[in-house]
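Dear colleague,

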Amino acid sequence: MKDRFQSRISYQGDIGELSRRVCRDFRIGDLISDSVVRMGYEDLNIAIETSKGKYLAKIFADFRDDDCCKRYVDIVSEALKAGVHIPRLLPSPQGYLHRFEIDKSWIRLCLMDFIEGKTFFELKTKPTPKEIVFLADQAALINSIDLRPNRVYDDWAVVNLENEFNKKSAYLPKKDLSLVQPVISEFRAINHEQLPACFVHGDLISINAIKGKDENLWIIDFSVSNTYPRIQELAVLACDLLFDEKNRTRSEKNLVLALGAYQKRIHLTQLELESLPTYVRAAHAMHVIGATHQKKAKGNKSRENEYFLRIGRAGLNQSKIPF
């Protein structure tokens, strides 16, 4: 049976051979060990240890074309220039985007420093108040980047709520339908065109925030970055990293704390503040819709997918967050 992570790329041979080729092409020393990072829904990530250090190879999924891959490395490069706390990209002789053929399969990848630490998802914990302030400031820094990349469709993005619901509502149990349908109506009533838009990471969740062994936080994975209403960034933060599924008051306090930190860089409009609670509920609804579809249509019963389904339901069961 094919490994569900390696099946994302056309190459089905030995991962070790792939890693050795990366080591040679990027001139990062001799391979000591490698392992597939078993998280995420799209690309194949491989942790590589060599005689010179540790690295992460992001092997782009087959469904991405070359322009999409270049888009990713260009975005990360701009984020690094802006001072966002993300792992450093390493160039090959081809640049940040590297291509090669192995066993008649074309590989497209980028290479970055490996961060010694774990994601908040792996740690099974939430950020401290100090870390919340840092993450919110990083979100505002990202939203300040003057970048308008070509749009890629993200079927988990908050702005696509109604479209994804129309496509996938048949997979939802009645109990979940009763939670999601009111959010659809509430979301539809917002004048989204009047909301300020900017460059948005779009996926600031627990699997994309790493806590290093040195206690520093790192943000990863700009695969679904787009130009969106900027409150989508805060809404995604609120539906996972800031969310306490057992304590509504804690969820509220975390979001208020994040809002204060965010607005030291970017002051939100009154319409944004009024619309944010609905965007948060919509983000929870997208977790329920997306994770349910992954489970029922694609057989994805991973711990990661079950987590997002659980917190999505919990978020919808908590009432609107006041400000």
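The second largest pocket has a lining of 13 residues, and K124, T125, K126, Y307 and R310 are the ones nearest its centre. A pocket here is an open set of points on a 1 Å grid over the protein atoms alone, where a 1.4 Å probe fits, with protein on both sides within 12 Å along at least five of seven lines; lining residues have an atom within 4 Å of a point. Two elements, α3 (120–123) and α10 (303–317), each give two or more residues to this lining. The largest share, four residues, is from α10. Helices (H or I, at least four residues) and strands (E, at least two) are DSSP runs, numbered from the N terminus.

By class, the lining has six charged, five nonpolar and two polar residues. Asp, Glu, Lys and Arg count as charged, Ala, Val, Leu, Ile, Met, Phe, Trp, Tyr, Cys and Pro as nonpolar, and the others, Gly among them, as polar. The space in the pocket is about 230 Å³, where a volume is the space filled by probe spheres set on the points, and points are joined across faces, edges and corners.

This is a predicted model: local features need pLDDT of at least 70 and side-chain atom pairs pLDDT 80 or more, while totals for chains, interfaces and linings use all residues. Residues are numbered from 1 along each chain as its sequence is written, and side-chain values use heavy atoms, with hydrogens and water left out.

L237 is part of helix α7 (residues 231–238). L237 counts as buried because its relative accessibility is 1%; buried means under 20% relative accessible area (1.4 Å probe, protein chains only). Leaving aside residues up to four places away in sequence, L237 touches L135, A136, A139, L204 and L242, contact being heavy atoms within 4.5 Å.

The whole structure has five aromatic pairs. Rings of Phe, Tyr and Trp (its six-membered ring) pair if their centres lie within 6.5 Å; planes under 30 degrees apart are stacked, over 60 edge-to-face and the rest tilted. F60 and Y72 are edge-to-face, at 5.5 Å centre to centre and 70° between the planes. F60 is in the loop between β3 (54–59) and α2 (66–82), and Y72 is in helix α2, 12 residues apart. Both F60 and Y72 are buried.

F199 and F222 are stacked, because their ring centres are 6.5 Å apart and their planes at 5°. F199 belongs to strand β8 (residues 197–200), and F222 to the loop between β10 (217–219) and β11 (226–229). F199 and F222 are both buried. One aromatic cluster is made up of F121, Y307 and F308.

Regards

Conventions. Buried means under 20% relative accessible area, exposed over 50%, partly exposed in between (1.4 Å probe, protein chains only).
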